[in-house]
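Trainee: I have a model open and want to check some labels. Can we go through them one at a time?

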Amino acid sequence: MSQADFGLIGLAVMGQNLVLNVESRGFTVSVYNRTTATTDEFVAKHPGKNLIGTQSLEEFVGSLKRPRKIQIMVKAGGPVDAVIEQLIPLLDQDDIIIDGGNSLYTDTERRDAWLAGQGLRFIGAGVSGGEEGARKGPSIMPGGPASTWEVMKPIFESIAAKVDGEPCVIHIGPGGAGHYVKMIHNGIEYGDMQLICEAYNIFKHAGFTTEEMAAIFNEWNEGDLQSYLIQITGKALEQKDPEPGQPIVELIVDKAGQKGTGQWTLLNAAENAVVISTINAAVEARILSSQKAQRVAASQELHGPTVAISTAKAELVKKVHDALYASKIVSYAQGLDLIKTMGEKKSWGLDLGRIASIWRGGCIIRARFLNRITDAYRSNPALVNLMLDPFFKKVLSDTQQNWREVVALASLNGIPVPAFSASLGYYDSYRAERLPANLLQAQRDFFGAHTYERLDKPAGEFFHTDWPEVIE
Ligand code: 6PG
């Protein structure tokens, strides 16, 4: 008998937690997993819940009320296509498939067209919040047609995180818009994480103990920088390894992993000629970190200054706080600029204020600061760059002396701060009335007759100079 309101395929931890979340809101949920023992174990572990364990896709599809609502939580890429292919012959007109993984938005667009051609409906939905978010309330970024969103809205809104009573889910836009926005969320996540790591690295070089650093992040979590990532940083630094009794963070190998969403963000930014230098620095910092053997060898060959930081601790904490805050604003300005550019290019009709508002809860980048971003776009939906919003403009002005001092201090001491300095470089370039690109244009015209415009002539008129011959 068809009795389930919702079905989920893929019972890894995220899938399991999402199922429990949906069920806890009063829905009956059918589940299917390729390894059927996992399904049996999962259902047996939760007696009394409205769960239906199924042993085959046929049984799974048959257990769902129509139009069927099926969420796939499998590894992005080939596995998503494989599941869809198996489902198509079993489904009926207007049934809905939701891909809740970190899929590449262009794959989502392809699947959207593919399934529409089969009379089926498809939603590519970014889901953020990790295991805990999936269970208690994630931030959900669904794309696809608005009419399909309307069908899914009651379930999505009931399972999403809530901030001030508002669910952290909106219909982002058509086609691949949902997965696209999730990809940029992840790029911003990379930026936030790297900036925090740079702050930690400065403190470490300045001789702070792990306990002192934990206390700083815990304190920052009470102020402007309040965010989930600052909070978990404080907690991570507090954690001791039970065996040697040392801080666990200091026992972890300094090689960062990454699954690809940050790199996709860089590629997309390059394709659209949008500068996301902070996110770029964050992705590249992970890449360099992973080349540990080369770095260990180079540490014996390439010399730098001896670290000597004499700034008083309390003063340094304040300066690094400001550098982190300012850099974070720049990173979000860049990520949102990319979303805006792509949204316009694809005519997705994106609402940056509402997107920022659903990142206030549930997701990895959730932070108090996102209220300010929401306000900025609510008061000026046409805001050209987040840095130009009156609130953020003032923060950047108030923090910049400390920000500059931190970048200078790190540089003089040979401490890498690629994301802090990329952010500052962006700020200074963006606010420069005149950049040295005049000379660059001269060089291009010199070797390639690429022509240039002149300050003393109307825009759009191009000139070429007969440059002297170079004798080498
Ligand atoms: C989230 C996270 C999640 C995933 C990261 C990890 O929003 O819940 O972004 O999707 O844990 O993508 O990514 P890396 O392995 O690339 O750090």
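The talk below sets values against definitions.

Mentor: First the ground rules. This is a predicted model, where local features need pLDDT of at least 70, side-chain atom pairs count only at pLDDT 80 or more, and totals for chains, interfaces and linings use all residues. Residues are numbered from 1 along each chain as its sequence is written, and side-chain values use heavy atoms, with hydrogens and water left out.

Trainee: Why is Ala 270 called exposed?

Mentor: Buried means under 20% relative accessible area, exposed over 50%, partly exposed in between (1.4 Å probe, protein chains only). Ala 270 has 62% relative accessibility, so it counts as exposed. Ala 270 sits in helix α11 (residues 261-271).

Trainee: What makes Ala 312 partly exposed?

Mentor: Its relative accessibility is 43%, so Ala 312 counts as partly exposed. Ala 312 lies in the loop between α13 (292-298) and α14. Its C-alpha atom is separated by 9.6 Å from that of Ala 206, 106 residues apart along the chain.

Trainee: And Val 470, buried or exposed?

Mentor: Exposed, because its relative accessibility is 53%. Val 470 lies in the segment after α19 (437-448).

Trainee: Why is α9 called oblique to α14?

Mentor: The axes of α9 (residues 210-220) and α14 (residues 313-346) come within 12 Å and cross at roughly 50 degrees. Angles under 35 degrees count as roughly parallel, over 145 as roughly antiparallel, 65 to 115 as roughly perpendicular, and the rest as oblique. Therefore α9 is oblique to α14.

Notes. Helices (H or I, at least four residues) and strands (E, at least two) are DSSP runs, numbered from the N terminus. Axes are lines fitted to C-alpha atoms, for helices over the stretch in contact, and angles run from 0 to 180 degrees between N-to-C directions.
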